[in-house]
Amino acid sequence: MKPDTENENREYNTNEIADIVAIAVSTVRKYCTILEKAGYLFTKNANGYRIFKGKDVRVLTEMKNLSAKNIPLDRIADMIVLREKTSVADVATLKEKTQQNQGVQPNTVEERYKHLIELVDTLLKRQEQQEKINKELLNRLDRSAEREEQLMAAIRETLEVKRLLAITEEEKSKKGFFARLFNK
């Protein structure tokens, strides 16, 4: 039975994470090393071992799913770190604005209206940033697909050339001794 991954504060060790994400323990370590090189931060205990939380479960699951689509692991890690940094910055901005606004309660309808407009503007900016990130990810996937198509075409061409060379060699070997001797 898999542990409850909905609890954001629950802590997991490497073996539990491997069971939850359905990958080998060595793969968990490999993914974590690549993520750390890209700038992702894992919580560590006093002994220096990684402690995984709900967010880490989602990140490793996403990494597993994307790697199954033959996207390079370093590229996946870069995308995840970029997304995490953007979301952390957005959350910090919203927390800051919320704390600033907690001390000041709008008194009039006009002040409340302005306050709501500011919040809507903040959300719209976050949405635009997310759309930019999504477009970039889609562009990367498109480029990967184009590259994959080019590689497959090159492989097909190479196989065809090898097939033709094999046919030519086979025809040469079928010629008799005198035909080969006199190049006929």
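**View 1. Arg50 and Glu36 meet through their side chains.** In this predicted model, a polar contact of 3.0 Å joins the two side chains. Arg50 belongs to strand 2, which covers residues 50-51.

View 2. Now zoom in on Val28: if you skip its neighbours within four places in sequence, Val28 is in contact with Thr14, Ile17, Ala18, Ile23, Phe52 and Leu60.

**View 3. Helix 1 has a set of buried residues.** They are Thr14, Ile17, Ala18, Ile20 and Val21. These residues sit on the same side of helix 1 because they cover an arc of only 165° around the axis. What do the buried residues of helix 1 pack against? Their packing partners are helix 2 and helix 3.

**View 4. Take a look at the two ends of helix 1, with Asn13 at the start and Ala22 following the helix.** At the start, a side-chain oxygen of Asn13 comes to within 3.0 Å of the backbone nitrogen of Asn15. Ala22 isn't a glycine, yet its phi is positive, at about 65°.

**View 5. Asn70 is another residue with a positive phi that isn't a glycine.** Its phi is near 65°. You'll find Asn70 in the loop between helix 3 and helix 4. Is Asn70 buried or exposed? With a relative accessible area of 66%, Asn70 is exposed, since the cut-off for that label is over 50%.

**View 6. The largest pocket holds about 240 Å³ of space.** Its lining is made up of 13 residues. Asn70 turns up again here: along with Ser144, Ala145, Arg147 and Glu148, it lies nearest the centre of the pocket. Which helix supplies the largest share of the lining? That's helix 5 (residues 109-174), with eight residues.

Notes: Residues numbered from 1 in each chain as written. Predicted model: local features only at pLDDT ≥ 70, side-chain atom pairs only at ≥ 80, totals over all residues. Heavy atoms only, no water. Helix = DSSP H or I, 4+ residues; strand = E, 2+ residues; numbered from the N terminus. Polar contact = N/O pair within 3.5 Å; in protein donor to acceptor, adjacent residues only side chain to side chain. Contact = heavy atoms within 4.5 Å. Buried < 20%, exposed > 50% of the residue type's maximum accessible area, 1.4 Å probe, protein only. Arc of directions from axis to C-beta. 1 Å grid on protein atoms, 1.4 Å probe; cavity = no way out; pocket = protein on both sides within 12 Å on 5 of 7 lines; lining within 4 Å. Points joined across faces, edges and corners; volume = space filled by probe spheres on them.
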